[in-house]
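Student: I have a new model open and want to go through its layout. Where do we start?

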Amino acid sequence: LLNCLWALTIMTHQFPALTPEQKKALSGIAQRIVAPGKGILAADESVGTMGSRLQRIKVENTEENRRAFREILFSSDASINQSIGGVIFFHETLYQKDSSGKPFPDVIKDKGIVVGIKLDKGTAPLAGTNGETTIQGLDGLAERCAQYKKDGADFGKWRAVLKITDTTPSTLAIQENANTLARYASICQQHGLVPIVEPEILPDGDHDLQRCQYVTEKVLAAVYKALNDHHVYLEGTLLKPNMVTAGHSCPKKYTPQEVAMATVTALHRTVPAAVPGICFLSGGQSEEEASLNLSAINQCPLPKPWKLTFSYGRALQASALAAWSGKPENKKATQEAFCKRAQINGLASKGQYIVSGKSDAAAKQSLFTASYTY
Amino acid sequence: MTHQYPALSAEQKKELSDIALRIVAPGKGILAADESVGSMAKRLNQIGVENTEENRRLYRQILFSADNRVKKCIGGVIFFHETMYQQGDDGTPFVRMIKDKGIVVGIKVDKGVVPLAGTDGETTTQGLDGLSERCAQYKKDGADFAKWRCVLKISENTPSALAIMENANVLARYASICQQNGIVPIVEPEILPDGDHDLKRCQYVTEKVLAAVYKALSDHHIYLEGTLLKPNMVTPGHACPTKYSAEEIAMATVTALRRTVPPAVPGVTFLSGGQSEEEASINLNAINNCPLARPWALTFSYGRALQASALNAWRGQRENESSATDAFMKRAEVNSLAALGKYEGSGDDSDAAGQSLYVANHAY
């Protein structure tokens, strides 16, 4: 026992977690997902979350309705693959089929898009904290990953949640969520799945941009230390963070350039260059806001050694849902709405989404305040 | 840790960031001339020169008398305390001589290693007591950056978690105090090349050490844009039977850095350790030709690897001073090219032979 304890304190020898072939496969998948101009469609809304979405367009939350909507998105023209590198599935959707009987994963893969799967099992409370949570889902995760890999998935996603208040996030919440993310990432990689690491800091609250940036830096530093401690192969991962924004009820308004500078500053202080891509969540942002912010991020004059792209749910689907309203005859309009947002976000991921009237490069440049004020 | 209590104002951050960028401007690196009295004894002993204060002054004068060509190659010089307050033959303070060439002055501030009880001969580094006051004084006396060296070693049982954590922490405290006083901290977590371990082992340990260093810097609220890193290159141990090419060393080194050093760090200035002058230049050049994306400047902070020939040319004789300065200038220019990835080497290394030794990144 003493020898074991002693061995635990030594980290001098490497016991390689992955072979070179495994590393190459993971790295290849990650690069494909964030290939230039591409991002991720987050279509992994749980049954409950789809319920909220469908209620808003007065559609009943049945399995068939969920299937029908996803089918419309997935059967968009193959050229969608120029803007979409990966699609995140919910478990139910992975085993559904289109009207011709073709499994959805195959529909997506045939377009050259990578299939991903949501792996976490939701939040669980952390006792003794101010309403903070961790994420469950590690039990049997290895077996689930192996099965999903067989069934067509090549990446996973796991969402940890932190919030900003006067007393949060606490050290415990940061540590615990970073640790579970690292365990999840380690298990994924053992089974050939690229883990998307998502430490979401909620936009709820009245805090300002600076506060969000500070918290984001602390959280990401903890996440990357945990990933290192757990021997995770960074080149075979992706990060899905929040952009750095003010809280929803913050009285002060910030421009996309300020959001961009705060976001890229936070990332370049914490995210190693080995990470191939950062795919932002859209949080509560509108479709247009999410695109403008992403484009500004890609124009930010700081060093950006990773791809900076999107992993959007609502910000890719809101118009499409509204156009559909549950009616099959609206299929074409739905697809057009979806493809339009996909293309716009593809441009934004290259810093090329410029709303008319703001195309003067010099004017844009001057809007970026130097990073040392952040 | 929910509220920020800003450690630095925007003006302080700008000053630190500007200093760091000046030191590692393209094609520039650092002359580490901060050998302690004891270290200088070894150097001077090797060339049969007595270790007196005057001889140390004469020797540093040789380096600091380099002509204006040196401006393009050297962004910073690290001084030892004694040297900060010495002058040239004409009475010009050394600090002035260096600053007049547009080179940034730095100062070694650590006070050497002390043992960590209960470990297998591991150490931490002392020097935190009164460090704030010392930094304030050095800043007044002309220093704009500092250096603090921590030491780790690879063996069967080391580095231990304690040694890694303690050295990372002490580096972070030092860095914090420096920045409060307008001084850019060079963070040096040296992993010694002693031993027979292979390249992979050194890479693994380097990744673990650097991850701990950057977590500690984050915990201590260090402004990364106003720091520099001075690490070892990733190399096999001196007694390792396997030989590796410069390209393999470069790939292992850059891979380790990409996995641990945030892009906000403006520059990585490698120590030369036990490498010869030519080896240190060839390796630095290979690093700057490595096909992986490198968001920081990758340059040199060399002591022996910049001075060995100069010391040999001098041998304590005044009549050799000018050829000694030339010898130093030559290495400075070579390393400047290496920092730009443009050094073609003095030997017969053919491009094709070098190229074929690249092992794809995923094997690291």
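**Strands, cysteines and loops**

Tutor: In chain A, strand 7, helix 9 (residues 209–229) and strand 8 form a β-α-β unit that is right-handed. Helices (H or I, at least four residues) and strands (E, at least two) are DSSP runs, numbered from the N terminus. Right-handed means that, with the strands pointing away from the viewer, the path from the first strand over the helix to the second runs clockwise. This is a predicted model, in which local features need pLDDT of at least 70 and side-chain atom pairs count only at pLDDT 80 or more, while totals for chains, interfaces and linings use all residues. Residues are numbered from 1 along each chain as its sequence is written, chains are lettered from A and ligands numbered from 1 in the order in which they are written, and side-chain values use heavy atoms, with hydrogens and water left out.

Student: How many bridges join strand 7 of chain A to strand 8 of chain A?

Tutor: There are 2, and the strands run parallel. DSSP must find at least two bridges for strands to pair. Opposite Ile196(A) is Leu238(A) of strand 8 of chain A.

Student: And which way does strand 7 of chain A pair with strand 6 of chain A, parallel or antiparallel?

Tutor: Parallel, over 8 bridges. Ala160(A), for example, has Pro199(A) in strand 7 of chain A as its bridge partner. From strand 6 of chain A the chain passes through helix 8 (residues 171–190) of chain A to strand 7 of chain A, in a right-handed β-α-β crossover.

Student: How many residues of strand 7 of chain A are buried?

Tutor: 8 of its 8. Buried means under 20% relative accessible area, exposed over 50%, partly exposed in between (1.4 Å probe, protein chains only). Glu198(A) and Glu200(A) are among the residues pointing one way, Pro199(A) and Ile201(A) are among those pointing the other way, and all are buried.

Student: Switching to cysteines. How many disulfides over all chains?

Tutor: 0. The cut-off for a disulfide is a pair of cysteine sulfur atoms within 2.5 Å.

Student: What does Thr260(B) contact?

Tutor: Beyond its neighbours within four places in sequence, Thr260(B) is in contact (heavy atoms within 4.5 Å) with residues including Asn228(A), Pro272(A) and Tyr214(B). Thr260(B) sits in the loop between helix 9 (246–258) and strand 9 (267–270) of chain B, and counts as buried at 6% relative accessibility.

Student: Where is the cis peptide bond to Pro169(A)?

Tutor: That bond runs from Thr168(A) to Pro169(A), with omega near 0°, and Pro169(A) is in the loop between strand 6 and helix 8 of chain A. Chain B has a cis bond joining Thr158(B) and Pro159(B).

Student: What is the phi of His231(A)?

Tutor: About 60°, a positive value, although His231(A) is not a glycine. Most residues other than glycine have a negative phi. His231(A) is partly exposed, at 41% relative accessible area.

Student: Where does pLDDT stay under 50 in chain A?

Tutor: Over residues 1–10. The mean for chain A is 93; pLDDT is the predictor's confidence in each residue, from 0 to 100. Where pLDDT is low, the predicted coordinates should not be read in detail.
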